[in-house]
Amino acid sequence: MNTSRREWLRQSAFALAAAGIAADVFAGKEKKLLPADNMILLNSNENAYGPSPKARKAILDHYLSSNRYPDDLIPVLKKEIAKHWNIRPENILFGAGSSEILGLVSLHVSFTKGNVITAEPSYRVWNEQAEAFGLNFIRIPLNSERKLDLEKMKSSINAATRMVYICNPNNPTGTYIDDAVLRNFVNEVSKSVMVLADEAYTEFADLPSLADIAVNNPNVVVAKTFSKIYGLAGARIGYAIAHPDTINKLGRYQPWTDMGISTVTANAALASVADKAFVDECREKTKQTREMCYECFRQLSLEYVPSHTSFILFNISKLKGDFSGQMRARNIFVQYREHFGGKWCRVSMGTTEEMKAFCAALKSIST
């Protein structure tokens with residue numbers, strides 16, 4: 001009797017807590033539980049609007065199922081993603097974010113040591129892991145338009161090349177290669193080496209995927225993620241799209257194939273795939289905040305690279321003092337790197353109010 005009562009009270013407490021959270025989530029207002037102290041995080045390309053309302057509901061509906069493995073849910077999620085891209089479930093492999101997929105492909109091509117062709121600058125988080133596998137990098141500078149120089153990348157391939165990495169749109173520049181040009185490049189290069197196409201930001205640019213090439217070509221892997229426009233960066237879910245033979249090989253490098261994601265995460269992703277209205281809304285809001293920032297940069301005579309993603313790369317070389325420190329003093333967190341012979345900040349797009357605060361802070365620093 002006492003045990004049953006305690007269990008009832010415990011479950012009631014969970015339900016009330018969930019109801020309280022749900023009330024905030026579905027009250028039609030934006031409520032930020034994190035980060036604390038009104039921090040404005042513009043340094044990691046996270047979606048300031050996500051997860052979507054449907055994904056949030058799925059998380060609340062299924063968090064008590066965290067004691068169960070997601071193996072029954074994996075085929076359901078694969079079926080929905082396959083339908084989304086007009087491919088088959090056997091063309092999909094899940095990982096803890098697309099970063100795991102990049103690591104798996106690096107491992108796959110590293111059994112015969114050699115090099116990887118990549119752009120400079122481009123996404124590097126996975127590079128150290130690839131180097132630990134014995135791969136080295138040939139970095140090809142972007143062209144004068146700050147785009148991938150496909151011709152130089154192609155001409156740099158040699159007998160030791162194991163893979164060509166393409167991030168399109170490119171991180172950190174936000175530029176992209178036209179679909180027809182990229183397809184010709186991938187079809188040609190993949191005759192001799194693996195091509196890894198990172199499509200983390202294609203939804204922001206409304207670009208078509210190379211999925212239709214990958215499913216028929218064992219030498220092409222497309223890496224997709226729920227971290228960006230779907231707003232599930234903290235949930236850690238991404239996936240590979242590839243030929244079934246390639247998927248099977250990559251899956252063998254996982255201790256339990258497809259099972260690096262949680263039950264809650266899988267349900268959130270399942271809800272997100274169906275929420276096309278949220279994707280469209282995020283794309284439009286991001287476009288608006290980019291335009292706001294462009295105007296700010298023009299007013300301050302700061303060079304920037306027009307972007308088709310959720311971030312903008314702009315030149316801060318002429319600004320005096322500790323840029324990151326000055327921004328941090330205003331509770332705004334940004335990052336910068338050395339690019340093109342100077343200092344450049346890649347600022348992620350936050351909400352409209354956050355970007356207004358960013359622009360105001362930038363103006364105060366610049367004067």
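**Cavity, pocket and helix contacts**

Biologist: How much space lies in the largest cavity?

Modeller: About 90 Å³ of space lies in the largest cavity. A cavity is a set of points on a 1 Å grid, over the protein atoms alone, where a 1.4 Å probe fits but cannot get out; the volume is the space filled by probe spheres on points joined across faces, edges and corners.

Biologist: What kind of model is this?

Modeller: It is a predicted model, where local features need pLDDT of at least 70 and side-chain atom pairs pLDDT 80 or more, while totals for chains, interfaces and linings use all residues. Residues are numbered from 1 along each chain as its sequence is written, and side-chain values use heavy atoms, with hydrogens and water left out.

Biologist: How many cavities of 30 Å³ or more does the structure hold?

Modeller: The structure holds 3.

Biologist: And what lines the largest cavity?

Modeller: The lining (residues with an atom within 4 Å of a point) includes Asn 168, Ile 177, Asp 179, Leu 182 and Glu 199. Both α7 (179-189) and β6 (194-198) supply at least two residues of this lining; helices are DSSP runs of H or I, at least four residues, and strands are runs of E, at least two, numbered from the N terminus. By class, the lining has 6 nonpolar, 2 polar and 3 charged residues, where Ala, Val, Leu, Ile, Met, Phe, Trp, Tyr, Cys and Pro are nonpolar, Asp, Glu, Lys and Arg charged, and the others, Gly among them, polar.

Biologist: Pockets next. Which residues lie nearest the centre of the second largest pocket?

Modeller: Tyr 123, Arg 124, Val 125, Asn 171 and Arg 346 do, out of 31 lining residues. A pocket is an open set of points with protein on both sides within 12 Å along at least five of seven lines, and this one holds about 660 Å³.

Biologist: Which element gives the largest share of that lining?

Modeller: β12 does, with 3 residues. The lining has 10 nonpolar, 12 polar and 9 charged residues.

Biologist: Changing topic, how do α12 and α14 cross?

Modeller: The axes of α12 (276-299) and α14 (352-366) come within 10 Å and cross at roughly 10 degrees. Axes are fitted to C-alpha atoms over the stretch in contact, with angles from 0 to 180 degrees between N-to-C directions. The two helices are therefore roughly parallel, meaning an angle under 35 degrees.

Biologist: Which residues make the contact?

Modeller: Among them are Met 292 and Phe 297 of α12 and Phe 358 and Leu 362 of α14, with contact meaning heavy atoms within 4.5 Å. The contact has 8 nonpolar, 3 polar and 2 charged residues.

Methods
Angles under 35 degrees count as roughly parallel, over 145 as roughly antiparallel, 65 to 115 as roughly perpendicular and the rest as oblique.
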